[in-house]
Amino acid sequence: MRDVTGQAKGPLVPVIDLAGSADDVASAIGDACERVGFFQIVNHGVSDAIVDGGWAATRTFFEEPDTVRASVQMPHAGYPYGYQSFAIETLSSSLDNATPAPPDRKHTYSFGPIAATVGDEPSDPDEVWVRSPNLWPDSPTGFRVALEAYYVEMGALAARLLGLMARSLSLPASYFTPMIDRHVSALRCLDYPEMREPPASAQMRASAHTDYGTLTILRTAPGSTGLQALTADDVWTPIDAVAGGFVVNIGDSLAQWTNDRWRSTMHRVVEPPTADRRTSIAFFHNANWDAVIQCLPGLEPALHPPVRAGRHLINKFHRTVI
């Protein structure tokens with residue numbers, strides 16, 4: 001059998017053409033999610049203008065003077081949005097029984113739900129955390145406009161992917177819609193600067209972790225190196241981004257929804273052979289704060305107790321901050 005990549009089924013991290021038939025695309029996505037939890041997509045319909053605008057804004061922000069970035073510094077540990085200085089976070093700390101590790105060699109800028117996506121005011125007091133005010137810098141010019149446009153497009157793309165995922169699980173394409181129509185997703189701009197000094201022992205650009213929510217949509221420059229996924233055989237395998245595409249992986253919430261039929265795969269960003277700079281934009285899609293993550297119909301018996309998506313998210317996040 002051949003899939004929408006034009007290859008025999010089975011490439012570890014397939015490149016899936018979303019222009020294919022819905023049945024073929026859904027089948028290819030389901031196969032990738034079950035085997036490795038990662039795939040790449042092309043012909044995704046996101047305009048070059050939106051992608052290029054978000055990319056230019058991200059690169060330029062990290063080239064601004066330190067004073068610009070400091071103006072939107074996260075005000076305290078555990079605040080979800082704004083600029084996070086170099087070597088502040090250790091992603092591997094989010095794992096259960098994590099071994100202490102040195103901080104990751106990156107700096108980031110993050111923002112969360114925007115007015116165009118969140119709907120009504122939260123009814124759960126804990127949801128106020130994920131609705132914390134976003135911190136926008138005065139420069140570069142057009143930064144907020146470009147990244148909010150990118151956020152909206154990624155939310156729409158995530159909804160489309162979840163429709164295909166539902167279809168691959170023999171559920172209606174609209175199955176997840178009531179659980180993501182007020183999604184509390186976050187967008188994170190990541191910059192791994194060119195480094196001349198060697199890392200500390202066991203230090204990485206991004207230490208090994210799984211993502212927390214439903215799925216992650218990553219944009220990085222073709223040819224960038226360092227991203228690796230851990231296979232079911234415990235082998236770290238490089239993921240080389242394809243031109244014009246996005247890397248997609250599923251997170252812990254979707255793995256639990258599928259009763260672990262699909263893999264929330266451990267991944268990391270290691271030091272490259274050269275000291276080159278690496279920049280990425282990651283859209284972390286999360287379900288509605290009050291959505292209940294529980295075993296999907298037809299995949300019983302459940303291996304995990306139900307959990308509210310928001311509570312799962314906040315618990316994971318707070319483990320990572322030094």
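Two strands pair if DSSP finds at least two bridges between them. Strands (E, at least two residues) and helices (H or I, at least four) are DSSP runs numbered from the N terminus. The model is predicted: local features need pLDDT of at least 70, side-chain atom pairs 80 or more, while totals for chains, interfaces and linings use all residues. Numbering starts at 1 along each chain, and side-chain values use heavy atoms, without hydrogens or water.

**View 1. An open sheet of eight strands, with mixed pairing.** The order is β1-β2-β10-β7-β12-β5-β4-β3. β1 (15–17) and β3 (82–84) are the edge strands; each has a single partner, so one side of each lacks a neighbour in the sheet.

View 2. Q84 has T108 of β4 as its bridge partner.

**View 3. Helix α6 (residues 143–168) packed on the sheet.** Contact means heavy atoms within 4.5 Å. α6 touches β2 (38–42), β4, β5 (186–192), β7 (215–220), β10 (246–250) and β12 (278–285).

**View 4. The largest cavity, about 570 Å³ in volume.** A cavity is a set of 1 Å grid points where a 1.4 Å probe fits but cannot get out; lining residues have an atom within 4 Å of a point. Volume is the space filled by probe spheres on the points. The lining has 37 residues, with L91, R188, D211, A282 and F284 nearest the centre. β12 gives the largest share, five residues. Elements supplying at least two residues include α5 (127–130), β6 (206–209) and β11 (267–269).

**View 5. The second largest cavity, about 50 Å³.** Its lining includes V184, Y212, S253, W289 and H312. Helix α9 (309–319) gives the largest share of this lining, four residues.

Conventions
Axes fitted to C-alpha atoms, helices over the stretch in contact; angles between N-to-C directions. 1 Å grid on protein atoms, 1.4 Å probe; cavity = no way out; pocket = protein on both sides within 12 Å on 5 of 7 lines; lining within 4 Å.
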